[in-house]
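I opened my notebook to go through one protein chain, piece by piece. Here is what I looked up.

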Amino acid sequence: MDNFQKDIDERANLALSNKFELLLFRLGSSLEGEKAELFGINVFKLREIVPMPTITKAAGMQSPLLGMANIREQIIPVIDLSAVAGCKPATGLNLLLVTEYARSTQAFAVESVDNIVRLDWSQVHTAESGVSSRNITSIACLDNDDQTTSLAMVLDVEQILYDIVPSVRDAAPKEITQRTFKFKPGAVVIVAEDSKVARTMLEHGLQTMGIPAIMHNTGLEAWEKIKAIAREAQAAGQHISERIAMVLTDLEMPEMDGFTLTRNIKRDETLKKIPVVIHSSLSGSANEEHVRKVGADGYVAKFEINELSEAIQAALEKVAG
């Protein structure tokens with residue numbers, strides 16, 4: 001038990017050094033007959049791996065939803081990940097990856113699991129310009145070598161669930177609580193979010209709240225933008241709060257994760273008073289403890305606009321007080 005807890009603690013502490021662990025798995029060859037690609041998912045999203053159980057399919061349920069499974073007395077939806085990725089498993093769907101995504105639990109059916117690898121987020125690069133699939137958010141270079149051909153495609157879990165699971169897609173509240181946010185005129189919110197669907201939902205939510213925002217695909221892009229704005233503010237003799245009202249960041253992102261972005265801001269004398277709210281699908285006490293360690297001013301799970309609005313207001317009041 002002591003060794004098991006030590007492994008958990010060590011894995012959780014990776015988040016404080018811009019590192020993470022990626023579970024590698026296979027879904028079969030492409031429908032065009034090409035080789036079986038490696039796919040990956042952050043271990044933090046993974047609750048357990050189980051052999052394929054009995055699946056109950058409800059009337060009207062269509063692919064890629066396979067049906068429902070009873071996992072430890074919990075009935076959860078099972079998604080055929082091979083069908084999502086356009087692959088054909090040679091040996092069938094043999095395992096379930098049981099995952100926790102913010103407010104929901106679901107299982108992804110896969111052909112096989114290869115390994116767990118430890119990577120730096122700098123080894124992960126955004127895939128939006130180089131991969132056609134809407135379900136791939138980034139590409140991981142497994143050998144830490146710019147010339148490597150050992151790659152894994154990291155899934156955009158937010159996009160997959162939004163497209164397939166109605167409860168995720170229809171989670172918007174019927175009523176939105178109206179709040180007044182005390183931003184200085186001309187100040188904007190810097191947003192870092194690599195998932196396309198999550199970024200779109202955030203952008204729409206902030207517009208609904210009347211909050212001007214600049215969107216970025218990675219933590220590194222957001223950090224470079226923050227530094228550029230800080231230089232401009234200094235040259236104009238302005239305080240940084242006149243340009244940046246807040247930073248809203250995801251945790252899992254290519255090149256630089258949200259923990260590192262937050263730590264960079266809070267360690268900089270010019271920037272440390274900027275409120276930072278972490279908005280993530282990674283939940284649990286371990287992540288909330290890391291949020292406190294890096295000095296973030298708020299943490300909220302994806303995606304409920306009223307809770308996000310409340311977290312933004314609380315972070316602004318915290319810094320102002």
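How many bridges join strand 3 to strand 13, and do they run parallel or antiparallel? I found two bridges between strand 3 (residues 38-42) and strand 13, and the strands run parallel.

Before going on, I noted the ground rules. This is a predicted model, where local features need pLDDT of at least 70 and side-chain atom pairs count only at pLDDT 80 or more, while totals for chains, interfaces and linings use all residues. Residues are numbered from 1 along each chain as its sequence is written, and side-chain values use heavy atoms, with hydrogens and water left out.

**Entry 1: strand 13**

Helices (H or I, at least four residues) and strands (E, at least two) are DSSP runs, numbered from the N terminus. Two strands pair if DSSP finds at least two bridges between them. Strands of a sheet pair through backbone hydrogen bonds, either parallel or antiparallel.

Next I traced an open sheet of five strands, in the order 15-14-16-17-18, with parallel pairing. Strand 15 (213-216) and strand 18 (298-301) are at the edges with a single partner strand each, so one side of each has no neighbour in the sheet. Neighbouring strands here are turned by 20° against each other on average, direction ignored (axes are lines fitted to C-alpha atoms, for helices over the stretch in contact, and angles run from 0 to 180 degrees between N-to-C directions).

Strand 14 (residues 188-192) and strand 15 are joined in parallel by four bridges. I jotted down V191 with M215, and V189 opposite A213.

**Entry 2: helix 5**

What do strand 14, helix 5 and strand 15 make together? They form a right-handed β-α-β unit (right-handed if, with the strands pointing away from the viewer, the path from the first strand over the helix to the second runs clockwise). The buried residues of helix 5 include V197, L202 and L206. Those buried residues pack against several elements, among them helix 3, strand 14 and helix 9. Just after helix 5, I spotted G210 with a positive phi of about 75°.

I looked at helix 3 as well: six of its eight residues are buried, so the rest of the structure largely encloses helix 3.

**Entry 3: salt bridges**

Side chains of opposite charge can pair when their charged atoms come close. I count a salt bridge when a side-chain nitrogen of Lys or Arg is within 4 Å of a carboxyl oxygen of Asp or Glu. The structure holds twelve of them.

I looked up E232 and R243, which meet at 3.3 Å, N to O. E232 is in helix 6 (residues 219-235) and R243 in the loop between helix 6 and strand 16, eleven residues apart.

Which residue forms a salt bridge with K266? D297 does, with the closest N and O atoms 2.8 Å apart. Both K266 and D297 are buried. K318 forms a salt bridge with D297 as well, at 3.8 Å between the closest N and O atoms. K318 is in helix 9, 21 residues from D297.

Conventions: Buried means under 20% relative accessible area, exposed over 50%, partly exposed in between (1.4 Å probe, protein chains only). Contact means heavy atoms within 4.5 Å.
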